[in-house]
Amino acid sequence: MDLRTRESPISTGQAMDSEAGTSTPRTPSQFSWRYISRNLILAYQSFGVVYGDLSTSPLYVYKSTFVGKLQNHQNEDAIFGAFSLIFWTLTLIPLIKYVFILLSADDNGEGGTFALYSLLCRHAKFNLLPNQQAADEELSAYQYGPSSQAVASSPLKRFLEKHKRLRTGLLLVVLFGACMVIGDGVLTPAISVLSSVSGLQATENKLTDGEMTLIACIILVGLFALQHCGTHKVAFLFAPIVIIWLISIFSIGLYNTIHWNPRILSAISPYYIIKFFRETGKDGWISLGGILLSITGTEAMFADLGHFTALSIRIAFALVVYPSLIVQYMGQAAFLSKNISSIPHSFYNSIPSSIFWPVFVIATLAAIVGSQAVITATFSIIKQCHALGCFPRVKVVHTSKHIYGQIYIPEINWILMVLCLAITIGFQDTTLIGNAYGIACMTVMFVTTCLMALVIIFVWRRNVLLAAAFLLFFGCIEGAYLSSSFIKVPQGGWVPLALSTIFMVVMFVWHYGTRKKYNFDLHNKVSLKWLLGLGPSLGIVRVPGIGLIYSELATGVPAIFSHFVTNLPAFHQVLVFVCVKSVPVPYVSPEECYLIGRICPRPYRMYRCIVRYGYKDIPRDDGDFENHLIQSIAEFIQMEAIEPQLSSSETSSLDGRMAVISTRSLQSTSSLVISEEEMDCGLSTTIQSSKSETLQSLRSAYEDENPHVTRRQVRFQLPSSPSMDPSVREELLDLIQAKEAGVAYIMGHSYVKARRSSSFLKKLVIDIGYSFLRKNCRGPAVALNIPHISLIEVGMIYYV
């Protein structure tokens, strides 16, 4: 159960947590028992989703720290210094940076690097999405946070907005962070599961490395094979597993502290850090790559904010997770200070023998839970990259009807599984995987710090010196860890860099090709004066029906339309140019999803519909798009008659003004009378009403194969209203008749090629890279849930 549902993400996020971002201040009623209990329930749920990865870090931190030349410094002082480093790292980065600062920088309740980038794009002109409009700035989610007018004259803001290369660099930084998150999705299952089953080597009947790897691979295959079921079916078990795990490590840590060396409490003093580096020197600095593994998984607190609230995550971490981890690391250090030789299996050797097997089972389950959360986050980040136009189209499957945002991407799932198994089999050592894991996690944290510094300036409107202090303080800490990690690039650290490079190349090639294709469409738009010169008939026969012409253009008429008109003798009576686009907000409410406008004067019967989605929105195939569209156009026609400014003399001959049509209020305010009935079909209502014998035969064949498929059929009628304007009535009648005649979907089947005069590199990117990705990703018609039987594709070659 998830108390933060999709239905009202904006209002829920603002009402439940005004600390997140800069929304309206809390009212006293928000401190009611209902508010507190709701956050406590969310805090309970967060254990299974957010903290699985972070809480399993004690399995491998000390082992990864005391490797290499630091083996020459395995003494009590070094153990005390390592614990002191872990204590202050957990305190400064997860507790202070994330819990107290970053959780306040949400985007309509959403967190993560994309949320920070979205905030920056809305408060400064950093956005590189090509088809943005002024109307997008009127979205309620767009207005979240303080107004950007106060910083309009900022010299730094003007400087960054002026130079496109800087804005491109900012996007590349965000995408690089996203690639590292994908790397986490490969490395987290490998290191977590391998570390948990390594406890079998600490028993009397020790397993060989090969046997341990085989067991880990079996668990990993099972984990990825179950992804299609969705986390919601086992989510109820996740939180108890992590809570039992945290209680276990807290109790073991407390026991070891009291039993072995209570003096470890003194190591909380930063003096032991100074002493550690004084004695170990460069070897101690290199060992920071192991210490940073104690905070891996911290980014999940911010990235998964959308499923919870900032207060619930703060409660869970500050009251349960943080004390449990500190006490566990303290207990391990106390044990190791008296048992130096146990460092290779420090966690399992520190467990009292009477409870070894129960803790081993819980550790394995907790590792699986932590891996599950990271895999799900990888699916989400891929979806967000696609919304930015930086990742090829992939199949997105909803795994829950009740919890919005839980998705499964089959192609990515199997790619992650193959890579994860390759790393597990190839390394068979948590230390080498830890070297790779540390680079990936710390890079994401460093990117987040850089973006947060910009948010402090442009969104929070704080002094530049405050942002510089934040960047300098946390940047230096994370930079030190990152620099020590890069020393270990030859010892496994190359893995996340290689994975990130591959994914960055894919993202760059896709983004570059998509931008070039869009710019071609933009510069080859059909002249509206040419259309006006053709007259309302467009110089061809207008046949009954509705033609939905899909294009990425938010303004103007795409080139495929002229290509179609000049090659075919007839076209549909009603034409609607449809643009489905992403906007830099996490969600667009149903009330603001549709923008409807008119192209050319009324007799032409040409309209424009822009469907807007946020970067975390997932369009659902509910089969009602056509009906919503007809209702929205009818509502626009009525509004246009009432509000003349929508079709003023200045705009009536060109692209008219757009109006936001709420899909939720259509049932109560619609200009049309709607009747519904169930019908057995799996195809578009185009076939149901079509007089074509070919289409009817196709429908009959489909029904024979799919007799169980039912669908809601909607019919529209014009109400008897004497006061209705005759021209409005005539237009609505034409719309209804066109709908009854059938709906056709028209798309461009494009072939993108580089010009002959292009450089070799450009030809390589466009002709080979981009063409390969387009041929092997999902087609736009499939991604937009367009019924294949109603699809008309217009072939075009783009020379970019």
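Student: Which residue in strand 6 does Y594 stand opposite?

Tutor: Y594 stands opposite V611. This is a predicted model, where local features need pLDDT of at least 70, side-chain atom pairs count only at pLDDT 80 or more, and totals for chains, interfaces and linings use all residues. Numbering starts from 1 along each chain as its sequence is written, and side-chain values use heavy atoms, with hydrogens and water left out.

Student: What makes strand 5 and strand 6 a pair?

Tutor: Strands pair if DSSP finds at least two bridges between them. Five bridges join strand 5 (residues 594-598) to strand 6 (residues 606-613), running antiparallel, so they pair under that definition. Strands here are DSSP runs of E, at least two residues, and helices are runs of H or I, at least four, numbered from the N terminus.

Student: Why is strand 5 called mostly covered?

Tutor: Five of its five residues are buried, and buried means under 20% relative accessible area (1.4 Å probe, protein chains only). Y594, I596 and R598 point one way, L595 and G597 the other. In a regular strand, side chains alternate between the two faces of the sheet.

Student: Why is helix 19 called largely enclosed?

Tutor: Because 26 of its 29 residues are buried, the rest of the structure largely encloses helix 19.

Note on methods
Buried means under 20% relative accessible area, exposed over 50%, partly exposed in between (1.4 Å probe, protein chains only).
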